[in-house]
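I opened the model to look up a few things and noted them as I went. The entries follow in the order of looking.

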Amino acid sequence: MPLEGIRVIEFTHMVMGPTCGMVLADLGAEVIKVEPLRGDNTRRLLGSGAGFFPLFNRNKKSIAVDLQRPEGRELVLRLIATADIVSENFKPATMAGLGLDYASLSRLNPRLIYVSHKGFLPGPYDHRTALDEVVQMMGGLAYMTGRPGDPLRAGSSVNDIMGGMFGAIGAMAALAARASSGRGQEVQAALFENNVFLVAQHMMQFAVTGEPAAPMPDRISAWGIYDVFTVKDGAQVFLAVVSDTQWLLFCEAFGFADLKDDARLASNNDRVRSRDWLLPMLRQRLALHSAAELSGIFEARGLPFAPITRPQELFEDPHLQQTGGLAPLKLPDGRDTTVPLLPLTLDGRRPGVRLSPPALGEHSRELLSGLGYAEADIQRLLAQGVVGASS
């Protein structure tokens with residue numbers, strides 16, 4: 001695999017940092033998750049956080065260490081001495097207080113690549129505590145997602161996940177740079193700057209047009225037909241017609257000769273300008289059809305469409321099932337499930353799951369032995385509560 005032979009030591013929790021490690025691990029790196037003796041708090045989250053740990057910690061090993069004890073810090077430093085990358089998402093004072101900040105570790109190993117996942121890159125805001133929702137609100141994404149006057153966070157941890165992905169991209173760029181320079185470097189990724197990148201298209205829309213971008217539910221669409229339609233039996237389906245060729249196919253498919261010949265609808269921009277009367281007319285006409293019927297007509301003619309799908313329904317999606325997009329995974333409680341893989345192929349294959357999310361301290365003994373600790377020393381560290389290991 002591309003990153004086989006690369007060792008990553010991870011001091012992360014929640015989503016952003018673990019996502020970075022998951023990407024590197026899925027691409028073949030050996031990722032070792034250093035956890036406190038009680039374990040990553042993410043293991044115990046409820047509600048919307050219940051899926052965080054099993055998703056973002058696959059393909060990783062776990063060692064449980066008390067970093068407040070000198071022996072714990074010593075063994076972690078020995079572990080880092082064998083590593084290519086350290087990844088963390090704690091406050092700078094936390095890592096510095098443990099002697100695990102970049103300045104300290106780079107003196108011990110100039111080849112080390114150090115990835116920090118933060119709320120903000122260095123600047124006036126970097127003292128603030130950031131969350132995905134915080135930066136969505138202050139970074140324009142919640143404004144663009146909700147209706148006017150009703151800012152709404154996106155329905156996924158988009159900044160946490162993408163922020164972690166950019167951390168992984170930075171780590172891989174640093175590995176490439178190290179191959180020629182022989183030196184590592186610090187990589188920083190941040191939630192706020194990631195969010196700004198996500199809304200940059202709307203910033204540039206203003207730069208080009210001089211008009212502020214309207215929230216997505218109230219926007220002026222770039223396409224004449226590009227919306228959710230409520231149809232027969234109250235079902236919903238997303239339908240799109242985004243080119244003049246598609247418009248002709250659409251009109252022919254439904255026998256809308258009057259619309260096909262209407263000069264007011266000749267081009268996409270004409271249809272955009274006519275949306276105030278065109279869409280109500282189409283809603284009325286298309287409401288006579290079922291969502292399945294409309295989907296079949298659109299699919300047969302290569303027109304864009306989509307059912308309105310709930311996340312849990314994706315486990316049964318035939319495309320994901322038949323293309324290997326879902327891989328077997330054992331949950332921390334022992335139950336079997338499947339999990340979505342990285343959305344890419346390498347030489348025609350999806351990077352898969354080699355290790356299910358680890359039990360707390362599952363690999364402590366193995367890793368200590370690999371560092372040269374004798375069995376008696378491992379037993380002593382376990383007995384003294386410096387290290388924890390799953391039974």
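I counted the salt bridges, taking a side-chain nitrogen of Lys or Arg within 4 Å of a carboxyl oxygen of Asp or Glu, and the count came to 21. The model is a predicted one, in which local features need pLDDT of at least 70 and side-chain atom pairs count only at pLDDT 80 or more, while totals for chains, interfaces and linings use all residues. Residues are numbered from 1 along each chain as its sequence is written, and side-chain values use heavy atoms, with hydrogens and water left out.

One of the pairs I looked up is Asp 84 with Arg 178, where the closest N and O atoms are 2.9 Å apart. Asp 84 lies in the loop between helix H3 (70-80) and strand S4 (85-88) and Arg 178 in helix H8 (residues 158-181), so the pair ties together parts that are 94 residues apart in sequence. Helices (H or I, at least four residues) and strands (E, at least two) are DSSP runs, numbered from the N terminus.

Are these two partners buried or exposed? I used relative accessible area: buried is under 20%, exposed over 50%, partly exposed in between, with a 1.4 Å probe and protein chains only. Asp 84 is buried at 13%, and Arg 178 is buried at 7%.

I then took Arg 275 and Asp 227, whose side chains meet in a salt bridge at 3.7 Å, N to O. Arg 275 is in helix H14 (residues 275-286) and Asp 227 in strand S7 (residues 225-230), so this pair links parts 48 residues apart in sequence. Arg 275 counts as buried at 16%, whereas Asp 227 is partly exposed at 22%.

Arg 335 and Asp 333 also form a salt bridge, with the closest N and O atoms 2.8 Å apart. Both of these residues are exposed. I also found one network, in which salt bridges that share partners join Arg 7, Glu 30, Lys 61 and Glu 366.

Next I checked backbone angles. Most residues other than glycine have a negative phi. Met 14 is not a glycine, yet its phi is positive, about 60°. Met 14 sits in the loop between strand S1 (7-11) and helix H1 (16-26) and is partly exposed at 37%. Asn 59 likewise has a positive phi of about 60° without being a glycine. Asn 59 is placed in the loop between helix H2 (52-56) and strand S3 (60-65), and at 2% it counts as buried.

What does Phe 120 touch? I counted contacts as heavy atoms within 4.5 Å. Leaving out residues up to four places away in sequence, the list includes Tyr 125, Arg 128, Met 138 and Phe 192. Phe 120 is in the loop between strand S5 (113-118) and H6, and it is buried at 5%. Met 138, in helix H6 (residues 132-138), is partly exposed at 30%.

For the whole protein I noted 18 helices and 12 strands. The C-alpha atoms fill a box of roughly 85 × 45 × 40 Å along the principal axes. Buried residues make up 43% of the 391 residues. Of the contacts with a separation of 6 or more, 69% are between residues 24 or more positions apart.
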